[in-house]
Amino acid sequence: MQEQLLKAGLADKTKTNRINKEKYKKNKQQRNAKQDIVDESKIMVEKAIIEKAERDREMNRLKDQKAQEKAIKAQIRQLISTNKVAKGNADDLAYNFEDKKKVKRIYVKPDVHEHISNGLLAIVALDGQYELVPKAVAEKISTRDKDVIVVLNEKLETEAVDDYYADYEIPDDLMW
């Protein structure tokens, strides 16, 4: 291209020789000093690749976490559905309990009412419904998610010696 510019008269011979010498010196200095030419576009591409890899790892972690939560809910649902104890109907005793600062009620047979009170049965919430499960199953569920367990009573051993109200008789028809 330099030759074409020289023939057309747009450039002179001394100017082209000076430019060629400068290019040669610059290349020689870079080779001798082993300086790398900084390519900003390569640096930006590498940085973008690293950022994309980090975003992908974060997205995969969130996806795995959601899948694990879904699996835990499925396990809880299966434990409850396979081990639930039959409740009563509206003709049976009402068992009142608190769920999220609201008093709820389920109807159970008298022996089931006693089992709940003694801590042999637990009340769990499943899809807005309340179910009864044995204590062992409730403990398995609580290891996965404690919020599902609504009522799990501890069996209390009363001592008549220290009880201030031991002398007073409790009516048989008193129910909570």
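Modeller: Lys52 and Asp56 are 4 residues apart in helix 3, so about one helical turn separates them. In this predicted model, the two form a salt bridge whose closest N and O atoms are 3.1 Å apart. Lys52 counts as partly exposed, at 46% relative accessibility, and Asp56 is likewise partly exposed, at 34%. Helix 3, which covers residues 40–83, is also where confidence in the protein chain is highest, with a mean pLDDT of 91.

Another salt bridge, with 3.0 Å from N to O, joins the side chains of Arg77 and Asp127. This pair links distant parts of the chain, since Arg77 lies in helix 3 while Asp127 lies in the loop between strand 3 and strand 4, 50 residues apart. Arg77 is partly exposed, with a relative accessible area of 38%, whereas Asp127 is exposed, at 59%.

The side chains of Lys109 and Asp92 also meet in a salt bridge, at 3.4 Å from N to O. Here too distant parts of the chain are linked, with Lys109 in the loop between strand 2 and helix 4, and Asp92 in the loop between helix 3 and strand 1, 17 residues apart. Lys109 is partly exposed, at 40% relative accessibility. These pairs are among the 4 salt bridges that the structure holds.

Methods
Residues are numbered from 1 along each chain as its sequence is written. This is a predicted model: local features need pLDDT of at least 70, side-chain atom pairs count only at pLDDT 80 or more; totals for chains, interfaces and linings use all residues. Side-chain values use heavy atoms; hydrogens and water are left out. pLDDT is the predictor's confidence in each residue, from 0 to 100. Helices (H or I, at least four residues) and strands (E, at least two) are DSSP runs, numbered from the N terminus. Buried means under 20% relative accessible area, exposed over 50%, partly exposed in between (1.4 Å probe, protein chains only).
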